[in-house]
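Q: Please walk me through reading the side-chain features of a protein model. I would like the general idea each time, and then the case at hand.

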Amino acid sequence: QLQASGGGLVQAGDSLRLSCAASGRTFNHYAWFRQAPGKEREFVAGINWRDYRTYYVDSVQGRFTVSRDNAENTVYPQMNSLKPEDTAAYYCAVSIRVLFRRPRTDDIDYWGQGTLVTVSS
């Protein structure tokens, strides 16, 4: 139900735009998580479908912007000023819940496949 794309290898300071296309229905919350080797999966960015409210982890605030395309049922995190510590597998995720806070992994109902982002220094 979720198709993620857009990962790749970039240099520090570069930009990437990921995309997450949902099929079958719309969800109340769309989010991106990431997981670096040896670390737990962490929330990165999310957006409410109804009120456009966005949420970010502090480490990406001001560098990442998440937007959506209603017609395509797709969410796009634009990632600017990438740093080596942003290197991880990025997972799109959706929740049927209406959220007014950063989502936790147990808020997620469906996960997409990961897309790898590698930032070289």
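A: Start with the kind of model: this is a predicted model.

Q: How many salt bridges are there in the count?

A: Side chains of opposite charge can pair when their charged atoms come close. The count here is eight salt bridges.

Q: Which residue forms a salt bridge with Arg34, and how far apart are the closest N and O atoms?

A: The partner of Arg34 is Asp86, with the closest N and O atoms 2.9 Å apart. This pair links distant parts of the chain, 52 residues apart: Arg34 is in strand S5 (residues 29-35), while Asp86 is in the loop between strand S9 (74-79) and strand S10 (88-95). Arg34 and Asp86 are both buried.

Q: Why do Arg63 and Asp86 count as buried?

A: The cut-off for buried is under 20% relative accessible area. Arg63 counts as buried because its relative accessibility is 10%. Asp86 is buried because its relative accessible area is 1%.

Q: Which residue forms a salt bridge with Arg97?

A: Asp109 does, and the closest N and O atoms are 2.9 Å apart. Both residues lie in the loop between S10 and strand S11 (110-120), so the pair ties together parts that are twelve residues apart in sequence.

Q: How many residues does the largest nonpolar core have, and which have the most contacts inside it?

A: A nonpolar core is read through its members and the elements that supply them. The largest one here has 29 residues, and those with the most contacts inside it are Tyr30, Trp32, Phe64, Met79 and Tyr90. Elements giving two or more residues to this core include strand S1 (2-5), strand S6 (42-48) and S11. The largest share, four residues, comes from S10. There is also a second, separate core of six residues, among them Ala31, Phe43, Tyr55 and Ile108.

Q: Where does Met79 lie, and what is Met79 in contact with?

A: Met79 lies in strand S9 and counts as buried at 1% relative accessibility. Leaving aside neighbours within four places in sequence, the contacts of Met79 include Leu16, Leu18, Arg63, Phe64, Tyr90 and Val117. Met79 and Trp32 are 12 Å apart, C-alpha to C-alpha, and 47 residues apart in sequence.

Q: Which residues does Phe64 touch, not counting residues up to four places away in sequence?

A: Phe64 touches Met79 and Tyr90, and also Arg34 and Asp86, among others. Arg34 and Asp86 also belong to the salt-bridge network described above.

Key: Residues are numbered from 1 along each chain as its sequence is written. This is a predicted model: local features need pLDDT of at least 70, side-chain atom pairs count only at pLDDT 80 or more; totals for chains, interfaces and linings use all residues. Side-chain values use heavy atoms; hydrogens and water are left out. A salt bridge is a side-chain nitrogen of Lys or Arg within 4 Å of a carboxyl oxygen of Asp or Glu. Buried means under 20% relative accessible area, exposed over 50%, partly exposed in between (1.4 Å probe, protein chains only). A nonpolar core is a set of buried Ala, Val, Leu, Ile, Met, Phe, Trp, Tyr and Cys residues joined through side-chain atoms within 4.5 Å. Contact means heavy atoms within 4.5 Å.
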